[in-house]
Amino acid sequence: MSEEVKQESVSLYPVSAPATLKEEEVCIFGTGDLGRSLGQRLLQSGYRLVYGSRRPHSCGPIPSGAQVQSHEIAAQSTSLVFVCVHREHYDFLGTLAPQLRGKVLVDVSNNLKKNMYPEANAEYLQRLVPGAHVVKAFNTLSAWALQNGPSDANRQVYLCGNSPEAKQAVAEIATKLGFTVLDRGSLCAARELEDFPLQLFPEWRMPMRLTIGLTAFFFFYLLIRDVIYTYVDQKKDNSFRIMVSLANKVFPIVSLILLALCYLPGVIAGFLQLYRGTKYKRFPDWLDRWMLCRKQLGLIALALASLHVLYTLIIPIRYYVRFRLAQNTISQIKDNKTSPFDTTMAWRTDSYYSIGILGFGLYLLLGISSLPSVSNALSWREFSFIQSKLGYLTLLFCTFHTYLYGWDKFLRISSYKWYTPPGYMLCLVVPTLVLVLKLLLILPCVDKSLTRIRQGWEKTDPENDGKKSLLT
Ligand code: NAP
């Protein structure tokens with residue numbers, strides 16, 4: 001029994017003896033793109049390398065310093081083999097099962113789409129070579145990334161496998177190559193790892209869909225109000241407004257709604273905790289998913305707000321604006337009258353611009369503090385202060401900026417073309433709702449209860465199942 005265990009055991013690289021590890025020989029099956037890139041990095045990191053190839057004498061170019069042998073001979077010389085071959089060609093590994101017994105097999109393969117096969121490639125490999133210790137690893141890195149070395153975006157090597165010793169052997173190699181290792185558990189996680197490279201911006205999908213949907217809705221809404229209505233009502237062609245005026249309305253409108261949507265799940269969660277009287281019950285899935293994409297929503301909102309700033313800056317050089325200004329001046333000269341200075345108007349426009357600038361400044365601060373390099377330098381308290389307190393302040397400023405823009409237009413019948421409210425009025429609904437709900441949450445009596453719940457207090461005492469009054 002003990003002999004059997006010994007035979008099956010994996011040779012471990014002791015952490016205390018890195019010098020011997022350097023001289024360790026590793027094997028790569030397959031001299032293709034990934035095999036070559038991985039081999040190059042292994043050689044650069046001081047490993048001896050032997051390739052196992054179908055055609056040892058006529059295979060493609062390999063990194064200098066490596067040897068090429070047949071699969072059988074190459075497998076004998078090492079205890080660890082990287083299988084850099086597509087899953088479709090794994091059959092030959094079954095015939096090599098005796099030579100691969102007790103060895104660590106690293107499965108790096110990916111598939112072209114999800115659920116292509118009934119089982120994960122690594123599980124299939126384990127079934128083909130039951131005596132080996134299969135570890136799924138390196139599949140999330142491209143050949144290009146391996147060749148160029150770890151960068152911020154490509155620093156992580158996910159791995160999984162059933163043998164802790166085999167995983168450690170692979171983890172040590174990955175660490176020596178400069179990567180950070182993330183252990184995802186047993187080989188059952190292989191399918192999840194194989195699906196990683198197939199995902200395209202998964203956490204951006206919902207925010208992007210929402211942005212596109214809102215942008216399309218407000219674009220057509222404003223097109224009807226600003227261009228089609230004018231054409232039907234006054235027979236005037238205003239279509240040129242699509243390029244700047246419409247864009248400069250749609251972007252801030254969508255930006256403000258997205259910013260409000262960053263904070264809405266937080267207040268919903270607060271009310272849910274108050275209602276349930278505990279923080280230990282899971283939020284519904286939709287709320288969890290919504291909370292997880294708040295950063296993406298915020299970044300898109302910031303990008304749209306920046307576009308609004310740029311569009312606003314070009315207003316004075318627009319032909320239409322310069323034409324209207326000149327026309328106004330000329331007609332005043334012709335009529336020999338001047339319009340008096342309107343202090344209210346001056347206050348209104350200055351406040352509107354000033355609040356907008358302050359709001360955008362805070363917006364930028366929020367965006368900058370979400371960069372990993374900045375957020376890593378902040379303590380958790382500092383980070384949540386900026387993202388929460390300053391976040392709500394940003395929302396308040398930007399909402400107030402929009403109210404100032406509307407001023408008394410809310411009360412004018414002429415604002416409601418074809419009985420539709422202007423776009424900026426519609427966009428105020430969500431931010432106003434968020435701010436009112438937040439205001440309710442920070443009322444001292446409500447805030448006290450919520451803080452207690454967040455510190456672990458529960459309405460139902462699990463000991464005696466008796467109900468406690470929340471406000472006592
Ligand atoms: P590749 O360039 O097509 O190379 C595959 C190698 O497999 C060939 O060079 C060949 O080497 C060997 N091979 C081909 N047919 C075979 C057969 N019938 N029997 C035995 N061996 C055979 O592919 P690759 O891009 O290097 O990808 C290799 C594996 O890495 C795949 O599973 C892929 O999903 C995974 N991967 C690739 C990347 C990447 O960026 N390329 C990234 C992550 C994961 P010999 O001629 O020497 O036998």
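## Ligand contacts

A polar side-chain atom of His89 sits 3.2 Å from a nitrogen atom of the ligand, a polar contact in the sense of a pair of N or O atoms within 3.5 Å. Taken alone, the ligand exposes 890 Å², of which the protein buries 79%; accessible areas come from the Shrake-Rupley method with a 1.4 Å probe. An oxygen atom of the ligand lies 3.0 Å from a polar backbone atom of Gly32. For Arg54, an N or O atom of the side chain is 3.0 Å from an oxygen atom of the ligand.

The ligand is surrounded by 19 residues, the closest being Thr31, Leu34, Ser53, Asn110 and Ala143; a residue counts as near if one of its heavy atoms lies within 4 Å. By class, this shell has 7 nonpolar, 10 polar and 2 charged residues, with Gly counted as polar and Asp, Glu, Lys and Arg as charged.

## Model and confidence

This is a predicted model, in which local features need pLDDT of at least 70 and side-chain atom pairs count only at pLDDT 80 or more, while totals for chains, interfaces and linings use all residues. Residues are numbered from 1 along each chain as its sequence is written, and side-chain values use heavy atoms, without hydrogens and water.

The protein chain has a mean pLDDT (the predictor's confidence in each residue, from 0 to 100) of 90, and 92% of its residues reach 70 or more. Residues 1–22 have pLDDT below 50; this stretch has 32 contacts in the model beyond near neighbours in sequence, a contact being heavy atoms within 4.5 Å. In residues 466–472 pLDDT stays under 50, and the model has 18 contacts for them beyond four places in sequence.

Terms used. A polar contact is a pair of N or O atoms within 3.5 Å; within protein, one must be able to donate a hydrogen and the other to accept it, and residues adjacent in sequence count only if both atoms are side-chain atoms.
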